[in-house]
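Hi,

Here is the model I promised to pass on.

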Amino acid sequence: MTVTSWNRLAGTSVLLDGFHALKHAVRFGAEVPVAVTVDRTAALALADELAPDVRDALDALLTEVPESTYTPLVPRPHPTGVAALAVRPSRAANLQKLAHTPRTAPVVVLDHPRNLGNAGAVIRLAAGFGATGVVTTGTLDPWHPTVVRGGAGLHFATAVERLTVEELPPGPLFALDPEGDDIRGTKLPDDAVLAFGSERSGLSAELRARADHLLSLPMRPQVSSYNLATSVAMTLYHWSTATGAPL
Ligand SMILES: C[S@@+](CC[C@H](N)C(=O)[O-])C[C@H]1O[C@@H](n2cnc3c(N)ncnc32)[C@H](O)[C@@H]1O
């Protein structure tokens, strides 16, 4: 029954790979129609230790299956032996969250990102800082299983959507670029849209043309650039020091 449900839902659902992804998804309100574990006792012991707030929810969700049943369900078995499928939030719901005003925390834009791991790390950062959402432009699917794995299931803690530059949510657009003005001289407002360029080629011409401000992170002249996800981390931290967010 569980495997039948899994196979029916797998093509259209978000794979939550491992205990931590499932824990975060449940904590942030994901709808999880099916969840499996190779060892219920071990999974619930982890919940007792690390996530008592969702322990009862996990107890109700998890079905124990033999390892031979679990392994073919996932691309590579996770050390915690837990996997689940969640319903992907609708585009309409995400667009509503992204467009909602007044905005109390920035939207992060990744302009044509290439690296799935970077995108996942940025979604995790956005969740941690309570950002309104993460928008990607270009071809990368921000709900790709590798991005969800990198984001540790925290897609459900923010609004994650792919848009064109014309569709970006309202708000002053601050684009991060090593040639911009020093970010330390700017207070980032809560309704900021914070844009970051691609790992290979930086900000696209289209995004640059839309930007209201170009800002740089402090960096010695001999260094060309920082990694994309670390740039987002520094920028969100800079925003948080002015507002006291996310706590
Ligand atoms: C790996 S960098 C891109 C490097 C690319 N070769 C270029 O020409 O910009 C990815 C993104 O991180 C951000 N970034 C990296 N270092 C930065 C810095 N010192 N100041 C501002 N943004 C930076 C920018 O948004 C940049 O487009």
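Strand S9 (residues 193-196) is covered on both faces: Val 193 and Ala 195 are buried on one side, Leu 194 and Phe 196 on the other. Buried here takes 20 or more other C-beta atoms within 10 Å of a residue's own, exposed takes 12 or fewer, and partly exposed is in between, with C-beta atoms placed from the backbone. Strands (E, at least two residues) and helices (H or I, at least four) are DSSP runs numbered from the N terminus.

Before going on, the ground rules. This is a predicted model, where local features need pLDDT of at least 70 and side-chain atom pairs count only at pLDDT 80 or more, while totals for chains, interfaces and linings use all residues. Residues are numbered from 1 along each chain as its sequence is written.

What does S9 pair with? S9 runs parallel to S5, joined by 4 bridges, and parallel to S8, again through 4 bridges. (Strands pair if DSSP finds at least two bridges between them.) Ala 195 in S9 is the bridge partner of Val 109, and Ala 175 also stands opposite Ala 195.

Zooming out, the open sheet has 6 strands in the order S7-S6-S5-S9-S8-S10, with parallel pairing. Its edge strands, pairing on one side only, are S7 (159-162) and S10 (213-216). From one strand to the next the twist averages 30 degrees; axes are lines fitted to C-alpha atoms, for helices over the stretch in contact, and angles run from 0 to 180 degrees between N-to-C directions. S8 and S10 run parallel with 5 bridges, and Leu 176 stands opposite Leu 215 in S10. Helix H6 (residues 91-99) packs on the sheet, touching S5 (107-111), S6 (133-137) and S7, and its direction makes about 110 degrees with that of S7. Contact means C-beta atoms, placed from the backbone, within 7 Å.

From the records: an unreviewed UniProt entry annotates residues 107-237 as "domain: tRNA/rRNA methyltransferase SpoU type". The end C-alpha atoms of that span lie 14 Å apart, and 27% of it is helix and 24% strand.

Elsewhere, helix H2 (residues 19-27) is largely enclosed by the rest of the structure, because 7 of its 9 residues are buried. Those are Phe 19, Ala 21, Leu 22, Lys 23, His 24, Ala 25 and Val 26. Their cover includes strands S1 (14-17), S2 (34-37) and S4 (82-86), plus helices H3 (40-50), H4 (55-61) and H8 (145-150). Just after H2, Gly 29 takes a positive phi of about 90 degrees.

Lastly, Ser 68 sits in helix H5 (residues 67-70). Ser 68 counts as exposed because it has 8 C-beta neighbours inside 10 Å.

Cheers

Technical notes: Two residues are in contact if their C-beta atoms, placed from the backbone, lie within 7 Å. UniProt positions are given in the numbering used here, feature names are shortened, and annotations may be inferred rather than shown by experiment.
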